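Please read the points below with the model open beside them.

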Amino acid sequence: MNTMTTRCPHCKAMNRIPTERIEDTATCGSCKEKLLDGKPIEGTTSNFLSLIQSDTPVVVDFWAPWCNPCVGFAPIFEDVAAERSGDARFVKIDTEAQQELAAQYRIRSIPTIMVFKNGQLLNNLNGALPKSQFNQWLNETLEQAK
């Protein structure tokens, strides 16, 4: 059985999930909160491929802690993740900590937002947007994902 390890976005505990159950509603073994919906998931080299293989669209924010636009966009990304729980999964990848992923996906500017479904890149966006414009872009992208 293949598994992926992910950090709980609520209590930060590490959890192992069988990859064949990635579409199920997984809960944290420690705090019992949802692992994959409602809050952005921490993307790492060990869990990213499993996450983007989902038939649920996955919205990925490539960011860095030193990037002011990234830090300013973070609350917008979290709000939209909470509002769209169940419609899409949201993943944040710290490009400083996950340099291999940043290189693999050719991240040249941050923040970079990418949307995947079934492992395929559907759309990408460079730069931070106000919430209304981000939602509009996401609506258009998710509409083509259907």
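The numbered points go from the basis of the model to the sheet, the pocket and then single residues.

1. Basis. This is a predicted model, in which local features need pLDDT of at least 70 and side-chain atom pairs count only at pLDDT 80 or more, whereas totals for chains, interfaces and linings use all residues. Residues are numbered from 1 along each chain as its sequence is written, and side-chain values use heavy atoms, with hydrogens and water left out.

2. The sheet. Five strands form an open sheet with mixed pairing, in the order S3-S5-S4-S6-S7; the strands (E, at least two residues) and helices (H or I, at least four) are DSSP runs numbered from the N terminus, and two strands pair if DSSP finds at least two bridges between them. S3 and S7 (120-126) are the edge strands, each of which pairs on one side only.

3. Pairing across the sheet. S3 runs parallel to S5, to which 2 bridges join it, and within this pairing Glu 42 has Lys 92 of S5 as its bridge partner.

4. Cover on S5. In a regular strand the side chains alternate between the two faces of the sheet. In S5 both faces are covered, since Arg 89, Val 91 and Ile 93 on one side and Phe 90, Lys 92 and Asp 94 on the other are all buried, where buried means under 20% relative accessible area, exposed over 50% and partly exposed in between (1.4 Å probe, protein chains only). Please note that the residues named on these two faces include charged ones, Arg 89 and Lys 92 among them.

5. Asp 61. This residue sits in strand S4 (residues 58-63) and, because its relative accessible area is 0%, counts as buried. Its side chain makes a polar contact with the side chain of Lys 92 at 2.8 Å, a polar contact being a pair of N or O atoms within 3.5 Å; within protein, one must be able to donate a hydrogen and the other to accept it, and residues adjacent in sequence count only if both atoms are side-chain atoms. Leaving out residues up to four places away in sequence, Asp 61 touches Phe 73, Phe 77, Val 91, Lys 92, Ile 93, Pro 111, Thr 112 and Ile 113, with contact meaning heavy atoms within 4.5 Å.

6. The largest pocket. Its volume is about 280 Å³, and of its 16 lining residues Lys 12, Pro 40, Ile 41, Glu 42 and Lys 92 lie nearest the centre. The elements that give two or more residues to this lining are strand S3 (41-42) and strand S5 (89-94), and S5 supplies the largest share, 3 residues. A pocket here is an open set of points on a 1 Å grid over the protein atoms alone where a 1.4 Å probe fits, with protein on both sides within 12 Å along at least five of seven lines, and lining residues have an atom within 4 Å of a point.

7. The peptide bond from Ile 110 to Pro 111 is cis, with omega near -5°, and Pro 111 lies in the loop between H3 and S6. Arg 106 is found in the loop between H3 and S6 and has a positive phi of about 50° although it is not a glycine; because its relative accessibility is 63%, Arg 106 counts as exposed.

8. Asn 118. In the loop between S6 and S7, Asn 118 likewise has a positive phi, near 50°, in a residue other than glycine, and it is partly exposed because its relative accessible area is 41%.

9. Val 80. Which residues does Val 80 contact, leaving aside its neighbours within four places in sequence? They are Phe 90, Lys 131, Phe 134, Asn 135 and Leu 138. Val 80 lies in helix H2 (residues 68-83) and counts as buried because its relative accessibility is 0%.

Technical notes: Points joined across faces, edges and corners; volume = space filled by probe spheres on them.
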